[in-house]
Amino acid sequence: GRSGDDMAAGFAVRAPSSVGWRGGFSTTRIESNFDPALGFIRRRGIEQTNFDVGYQWRPMRGAIRTLSTGVDFERIEYLDKGDIQSESTRFQLLNINLNSQDGFNLNYNRDREGIRVPFEISQGITIEPGLYTFDGFTIGYRAGNQRAFSGGVFLTEGDFYDGQRNSYNLFLNMRPNRHFRSNLRYQYNEIMLPGGRFETRVVQLTLEAVFSSTLSWTNLIQYDNVSETIGINSRLHWIPRAGREGFLVLNHNLQDFDNRDNNFKSSFSETTLKYSYTFRF
């Protein structure tokens, strides 16, 4: 795409494979003043390179369906000086998928972040400019979601900028029948930096009800301890027939404005009603 004298360009090669070797390579260049006519871009003034390679085995018998290993690499550079904005290398040491649809994985991650201006990562704690390299290990387990109850847990420990981070991600799925489904997710991060220590927590609950092939109701409730906000999104979706579609959407936020006493008050509320009709000629 092009806007004025600035442009975005990309190139990609992919060799997918469900068994045996897989790999891919892509590069993208987005100049500083590129402005897409439609959609959006996450970063400007960068050159991004992605590379991945791996191998997957499929045993002929036993409880294991597939074994895989590989490496995924991403590097983003500033165009003006060519220095690193961010770089991520994920070594998939071992990924095991069972015939029961359960799975285990062990990853080693190396990240690099190039910080040009200081920023406050938490109240009173600032990350200074510089190039940071940090390593970490992730171990995880996930249960097959074909069951009425399933879930998983992922644990990550390692470096974080010039300190340490311990991260815990847990999720629980419940599907008692074909009409109802719920998902509970909890993410906890413990960050220890030279300037201080802080914790982040995010809780997300999704409730879905499918009453029929034409009517469904989805609810999302999320809380985080940084903004001290509870967000609620409720959407009723109706499709009376092909080409006709209706939505009733409620968005509501509650916030603890002093971040101390857990006294949440309404901060935002919005209701949207939308109906579309497709004319066919």
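In which strand is the place of Thr138? Thr138 has its place in strand 10, where strands (E, at least two residues) are DSSP runs numbered from the N terminus.

## About the model

This is a predicted model, in which local features need pLDDT of at least 70 and side-chain atom pairs count only at pLDDT 80 or more, while totals for chains, interfaces and linings use all residues. Residues are numbered from 1 along each chain as its sequence is written, and side-chain values use heavy atoms, with hydrogens and water left out.

Thr138 is buried, with a relative accessible area of 11%; buried means under 20% relative accessible area, exposed over 50%, and partly exposed in between, for a 1.4 Å probe and protein chains only. Setting aside neighbours within four places in sequence, Thr138 is in contact (heavy atoms within 4.5 Å) with Asn105, Leu106, Asn107, Asn109, Leu155 and Thr156.

With one of these residues, Asn109, the side chain of Thr138 makes a side-chain polar contact at 3.3 Å. A polar contact is a pair of N or O atoms within 3.5 Å; within protein, one must be able to donate a hydrogen and the other to accept it, and residues adjacent in sequence count only if both atoms are side-chain atoms.

## Asp102 in a loop

Asp102 is found in the loop between strand 6 (84–98) and strand 7 (103–115), and Asp102 is buried, with a relative accessible area of 10%. Apart from neighbours within four places in sequence, the residues in contact with Asp102 are Ile96, Asn97, Tyr141, Arg142, Ala143, Gly144 and Arg147. A polar atom of the Asp102 side chain lies 2.8 Å from the backbone nitrogen of Gly144.

## The largest nonpolar core

A nonpolar core is a set of buried Ala, Val, Leu, Ile, Met, Phe, Trp, Tyr and Cys residues joined through side-chain atoms within 4.5 Å. The largest one here has 10 residues, among them Ile115, Ile125, Phe134, Leu193 and Phe198, and the elements that give two or more residues to this core are strand 9 (125–127), strand 10 (130–142) and strand 13 (180–193).

Ile125 is in contact with Phe119, Glu120, Leu193, Gly195, Gly196, Arg197 and Phe198, when its neighbours within four places in sequence are left aside.

Conventions
Helix = DSSP H or I, 4+ residues; strand = E, 2+ residues; numbered from the N terminus.
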